[in-house]
Number of protein chains: 2
Amino acid sequence: MKLHHFPLSGHAHRAVLFLSLLGVKAELVEVDIPGGAHKSPDYLKLNPFGQVPVLEDGDVAVSDSNAILVYVATKLGRKDWLPDDAATAAKVQKWLSVAAGEIAYGPAAARLITVFGANFRAEEVIARAHRILTLINAELETHRFIIGDRPTIADVSLYSYIVNAPEGNVDLAAYPEVRHWLARIEALPGFVPFQKTAAGLAA
Amino acid sequence: MKLHHFPLSGHAHRAVLFLSLLGVKAELVEVDIPGGAHKSPDYLKLNPFGQVPVLEDGDVAVSDSNAILVYVATKLGRKDWLPDDAATAAKVQKWLSVAAGEIAYGPAAARLITVFGANFRAEEVIARAHRILTLINAELETHRFIIGDRPTIADVSLYSYIVNAPEGNVDLAAYPEVRHWLARIEALPGFVPFQKTAAGLAA
């Protein structure tokens, strides 16, 4: 497998993290986003959305970070990470939707303002970030990972933009359960961190 | 099964539509959202997010419209609507992410401004709507439904807020493939429409 990624993209980090947690040796190809490589005709053929990450596996190209998590878990038969009974699969899906929705347009958007100068309204996206963090914190009061006592792809999908939320001026101090959950993910064998932006810019 | 819904919610319509397409007779319970019933302690116990829809099936309560689609398809073994091979499952997931992301914060948000007076920036969400409609229109140039020539839950998830996008001042005139696709979904046996807002307010 070959993963097209960018080190400062939390969407890409989800895929890098999951492959590493599973011990899958994928070739990592860094897309030159500052140079506009994600808008080149070849890249747009791979992913018309012009975004990272994209996973190539033979002649299959999977874009969308949640889709990559589903692809890898399904392909490798890892039902521990993506259970296939209706009730549990639905729980996982709910949080994948949250990652694509409230997280992308909450803490991720807030960070895009400070890191890339993106045109979001800071007040709106920071408020949305705190609303979803409050709900996630409450959810984590009763179990160790987001849908129960074992990690699933839902945790992987939520992790990256929450851990770096402070880069977008979203303070995690009020969410102790969230901070404990971040630490639990970071303690999993194979964990690889989502680098901080200062380190990224200095690299 | 019992579905808690609201007629003007596109998220709820996704669930109503899918149950109807499958011929599942569910009890429909209208949540009095104008009266604030979705913020009542009992409802928040059912769904801490305080949103419709919620599907109750015995002692399972599923919230998030995408999660309901996954639950129903999986529970009923409808692999035609949610295939379980890795590449196809990933394709479905990609569009569920789009529904939870660009659609929710694009055409759905634009409609929330005009229908419910929601506090989004019209210029921002309408522009996002046109970007994703352009990509969806291109995708539909080569197949009849969003991931191929058969409908899946990805089509159901995308349908509701696209068909009513004009209510949020998002014109579909420039997207002929999208309009043909809407008509194909509307021709499926068991289809039920997402009512227009004027009809809803007059009801």
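Predicted model: local features only at pLDDT ≥ 70, side-chain atom pairs only at ≥ 80, totals over all residues.
Reader: What makes strand S1 (residues 2-5) and strand S2 (residues 27-30) of chain B count as a pair?

Author: Two strands pair if DSSP finds at least two bridges between them. S1(B) and S2(B) are joined in the parallel sense over four bridges, so they qualify as a pair. Residues are numbered from 1 along each chain as its sequence is written, and chains are lettered from A and ligands numbered from 1 in the order in which they are written.

Reader: How do you know where a strand or a helix runs?

Author: Both are DSSP runs, numbered from the N terminus: helices are H or I with at least four residues, and strands are E with at least two. Strand S3 of chain B, for instance, covers residues 54-57. Three bridges link S3(B) to S1(B), and these two strands run antiparallel. Within S3(B), Leu55(B) stands opposite Leu3(B).

Reader: Why is the unit of S1(B), helix H1 and S2(B) called right-handed?

Author: Picture the strands pointing away from you: a crossover is right-handed if the path from the first strand over the helix to the second runs clockwise. S1(B), H1(B) (residues 10-21) and S2(B) make a β-α-β unit of that hand.

Reader: How do you know what relation chain B has to chain A?

Author: The copies are superposed by least squares on the C-alpha atoms of residues with pLDDT of at least 70 in both. A rotation of 180° with 0.0 Å of shift along its axis brings chain B onto chain A, with an RMSD of 0.0 Å. That is why the relation is that of a two-fold axis. Gly101(B) is the residue of chain B that comes closest to the axis, its C-alpha lying at 2.3 Å. Both copies use the same surface, as 100% of the contact residues of chain B recur in chain A.

Reader: What makes two residues count as being in contact, and how many of chain B are in contact with chain A?

Author: Their C-beta atoms, placed from the backbone, must lie within 7 Å. By that rule, 27 residues of chain B are in contact with 27 residues of chain A. H4(B) gives the most to the side of chain B that touches chain A, with ten residues.
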